[in-house]
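Reader: I would like to question the labels attached to a structure, one by one. Could you give me the cut-off each time, and then the value that meets it?
Author: Gladly; let us look together.

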Amino acid sequence: MNKPINCHACLTQGSYRVMNNFKDIYQCSSCGHVFRHYYGDVNKFHREEYRNTNPNLGDSKFKPKEDRLRHIANTLRVVGEYYSIDNKCLEIGFGDGEFLRTVRPMVKTIDCCEIDDNLAEIARKENFKVYSGDVLQFSGEQYDVVSAYDVLEHVLDIHSFKEKMKELTKDVLIIQVPVNRGLKPPNRPQGFDGHKHIFSPQSFNTLFESDFTLEKEFVSGKDMLAYGPELLTVWRKKC
């Protein structure tokens, strides 16, 4: 299959170059963005394989609860001020649900969007308002605060994601992505980790700066916000 024509972040034509002799990993010579070309259906992978939450398929791929709660506590030390009792919030990705359970008493409401039907059902049973499906197809009200922790790197069409965030966000957008991680081919025999994109500071800012103003930026060490380093950002929607 031919390589992608345009950089997914800065949209520069013909800027992708094969990276480190990996035939399925490309880096933009303009903004430094890295794209990992997975040959399968990304949405199908995330619905059926990524979390493996169907009990008939084996154990789910979630971190121990004590680790997750520690990471969430550290996250809220950075962005907790944005979760106030007056705010209606939306989290993209229910995951293990620990973030929503933690934040729920702090805010007016918090809803979620989850592509995995099994996880969406768990959220419903806990009386969360949940949209089950691809967030790019989600059409609904605006929220004071929209957050996506470790989600964007999994999305193929990151510009459509940004446009959807613009549509759903009334005021504050919180985005977190992994940074400074080891590079592994997406189509290796051991399997795919779901990460389509690896952002550089330039590619990340290029994606959002036309519609949002960067208000806070925090780079974590290992095992602070997740097991590896993370870039946690807060964006204020432009009028």
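Reader: Why is Tyr149 called buried?
Author: Its relative accessible area is 14%, and buried means under 20%, with exposed over 50% and partly exposed in between (1.4 Å probe, protein chains only). Tyr149 therefore falls in the buried class. This is a predicted model, in which local features need pLDDT of at least 70 and side-chain atom pairs count only at pLDDT 80 or more, while totals for chains, interfaces and linings use all residues. Residues are numbered from 1 along each chain as its sequence is written, and side-chain values use heavy atoms, leaving out hydrogens and water.

Reader: How many aromatic pairs does a search of the whole structure find, and what makes Phe99 and Tyr149 a tilted one?
Author: The search gives 15 aromatic pairs. Rings of Phe, Tyr and Trp (its six-membered ring) pair if their centres lie within 6.5 Å; planes under 30 degrees apart are stacked, over 60 edge-to-face and the rest tilted. With centres 4.9 Å apart and planes at 50°, Phe99 and Tyr149 are therefore a tilted pair. They join distant parts of the chain, 50 residues apart: Phe99 in helix H3 (residues 98–103) and Tyr149 in strand S7 (residues 143–149). Phe99 is buried as well, because its relative accessible area is 4%. Elsewhere, ring pairs connect Phe199, Phe204, Phe208, Phe212 and Trp235 in a cluster.

Reader: How do you know where helices and strands begin and end?
Author: They are DSSP runs, numbered from the N terminus: helices are H or I of at least four residues, strands E of at least two.

Reader: What makes His71 a buried residue, and what does its side chain do?
Author: His71 counts as buried because its relative accessibility is 1%. The residue belongs to helix H2 (residues 65–79). Its side chain has a polar contact with that of Asp223 at 2.9 Å. The label means a pair of N or O atoms within 3.5 Å; within protein, one must be able to donate a hydrogen and the other to accept it, and residues adjacent in sequence count only if both atoms are side-chain atoms. Beyond four places in sequence, the contacts of His71 (heavy atoms within 4.5 Å) include Lys63 and Tyr227.

Reader: Why is Lys63 said to lie over the face of Tyr227?
Author: The rule wants NZ of Lys or CZ of Arg within 6 Å of the ring centre and within 35 degrees of the ring normal. Lys63 lies 4.9 Å from the ring centre of Tyr227.

Reader: Why is Asp193 called partly exposed, and which polar contact joins its side chain to Arg36?
Author: Its relative accessibility is 29%, so Asp193 counts as partly exposed. You will find Asp193 in the loop between S8 and S9. A polar contact of 2.8 Å connects its side chain to that of Arg36. Another polar atom distance, 3.0 Å, runs from the Asp193 side chain to the backbone nitrogen of His195.

Reader: How do you know that the buried residues of H4 line one face?
Author: In helix H4 (residues 117–125), the buried residues are Leu119, Ala120 and Ala123. They fall within an arc of 100° seen down the axis, so they line one face; the arc is that of the directions from the helix axis to the C-beta atoms. Strand S5 (109–114) and strand S6 (130–132) are among what covers them. Asp116 caps the N-terminal end of H4, with a side-chain oxygen 2.8 Å from the backbone nitrogen of Asn118.

Reader: What puts the buried residues of H5 on the same side?
Author: Helix H5 (residues 158–168) has Ile158, Phe161, Lys162, Lys164, Met165 and Leu168 buried. Their arc around the axis is only 160°, which puts them on the same side of H5.

Reader: What is the mean pLDDT of the protein, and where does pLDDT stay under 50?
Author: pLDDT is the predictor's confidence in each residue, from 0 to 100. Its mean here is 91, and 95% of the residues reach 70 or more. Among the elements, S7 has the highest mean (98) and helix H1 (residues 42–48) the lowest (88). Residues 54–60 stay under 50. Where pLDDT is low, the predicted coordinates should not be read in detail.
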